[in-house]
Amino acid sequence: MVKDMTKGNPMKIIIRFCLPLMLGNLFQQFYNMADTIIVGKFVGKTALSAVGSVGALNFLVIGSIIGLCTGFAIQIAQSFGAQNFKKLRKITANIIYTGITTGVILTILAVVFTKPLLRVLNTPDDIFTDAYNYIVIVFAGIGATMLYNILAGIIRSLGDSKTPLYFLIFSSFLNIGLDLLFIIVFKMGVKGASIATVLSELVIVIIQFQYIKKQISFNDLLKMAWKYFTAGMIMFAVCFGVKFVLATNLINSNLVELAKSLSMEESYLINSVSIITQMIFGIITYFGILIALKDDYVFKFIDKIKSRIFKKKEVEN
């Protein structure tokens, strides 16, 4: 549902908007968490170590995509807030084309350089094959990840953060179901886990596309993209995205370095650390948005806490 966030109580609007985002950040981690738990339970310790050993690398690449798509969505949100619908359609169309192109390029690069990256991470030989089979399939589905985040970003930019959360929850449970099907029934091992992840994202992309199609005429949108395609608009969107990519990868790059020094038995711990770190980072980010509002409610609350602390000290003295 499209919502104009420029009208009403700013604090209440932002809180209602941010809460689904925070929950979505938790469910975003369920993809890899489900793979890790189910693989460890039904495939074995070696497969668990293989999935865990590429956890930091997975978050490094996927985190970059999420950051880039977040930057893309900012321009859409600004245009919608300014009620500049002509510019909104231009930006949306250009971002879709840019996202598809970027997704194809990243997919090719990630798949080609997967083995060298695993060597750089000092992946043990006894889990190398499973680690490669898992992560290369996930990287082959980068296009689906890119489209999912772009479409979710478009919906959120129109003031609706609940609908993408519902889609994400559905996708998370679908991923778990497909994990169990491919691993337990079809005996596909780590390949089954990665295929389940990619397929669940593809399904949610199709659902999101159909949802947005009801709100926007895609035929007119795509025609407009060719007509109004501008390098400046794309570069502006990319610059926004790069800021989020850098912020996300400040944490993930350290996890990759840590993964290089761990043994096979310890490597699965990186996956857990990555998941927890992403959750905390997401919650802090959205809490920071509330503080950045500089709303009177926030500062009155802080002042109230300070006054109580000082009053208590005066009584003690």
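Trainee: What share of the 317 residues of the protein counts as buried?
Mentor: The structure is a predicted model, in which local features need pLDDT of at least 70 and side-chain atom pairs count only at pLDDT 80 or more, whereas totals for chains, interfaces and linings use all residues. Residues are numbered from 1 along each chain as its sequence is written, and side-chain values use heavy atoms, with hydrogens and water left out. A residue is buried under 20% relative accessible area, exposed over 50% and partly exposed in between (1.4 Å probe, protein chains only). By this rule, the buried share of the 317 residues is 47%.

Trainee: How many helices and how many strands does the secondary structure hold?
Mentor: Helices (H or I, at least four residues) and strands (E, at least two) are DSSP runs, numbered from the N terminus. Along the sequence, the pattern reads α-α-α-α-α-α-α-α-α-α-α-α-α-α. The count is therefore 14 helices and 0 strands.

Trainee: Is helix α8 largely enclosed or largely open?
Mentor: Helix α8 covers residues 142–157, and its end C-alpha atoms lie 22 Å apart, in agreement with the 22 Å that its 16 residues should span. The expected span is 1.5 Å times one less than the number of residues. Of the 16 residues of α8, 13 are buried, so the rest of the structure leaves this helix largely enclosed.

Trainee: What distance does helix α9 reach from its first C-alpha to its last?
Mentor: Helix α9 comprises 24 residues, 162–185. Its buried residues include L165, F167, L168, F182 and I183.

Trainee: What is the phi of Q83?
Mentor: Q83 sits in the loop between α4 (55–81) and α5. Its relative accessible area is 39%, which means that Q83 is partly exposed. Q83 is not a glycine, yet its phi is positive, at about 60°.

Trainee: Which helix gives the most to the nonpolar patch?
Mentor: Patches are made of residues with over 30% relative accessible area and no salt bridge; like charges are joined within 9 Å, and nonpolar side chains (Val, Leu, Ile, Met, Phe, Trp, Tyr) within 5 Å. The nonpolar patch has about 770 Å², and I100, V104 and F113 are among its residues. V104 is partly exposed, at 48%. The main contributor, with 7 residues, is helix α5 (residues 85–112).

Trainee: Which residues form the positive surface patch?
Mentor: Lys and Arg count as positive and Asp and Glu as negative, while His and the chain ends are not counted. One member lies in helix α1 (residues 10–28), and this residue, K12, counts as exposed because its relative accessibility is 51%. The patch consists of K3, K12, R16 and K162.

Trainee: How far apart are the closest N and O atoms of R119 and D125?
Mentor: A salt bridge is a side-chain nitrogen of Lys or Arg within 4 Å of a carboxyl oxygen of Asp or Glu, and the structure holds 1. D125 counts as exposed, with 63% relative accessibility. D125 and R119 form a salt bridge, and their closest N and O atoms are separated by 3.3 Å.

Terms used: Areas by Shrake-Rupley, 256 points an atom, 1.4 Å probe, with all protein chains shown as cover. Charge placed at Lys NZ, Arg CZ, Asp CG, Glu CD.
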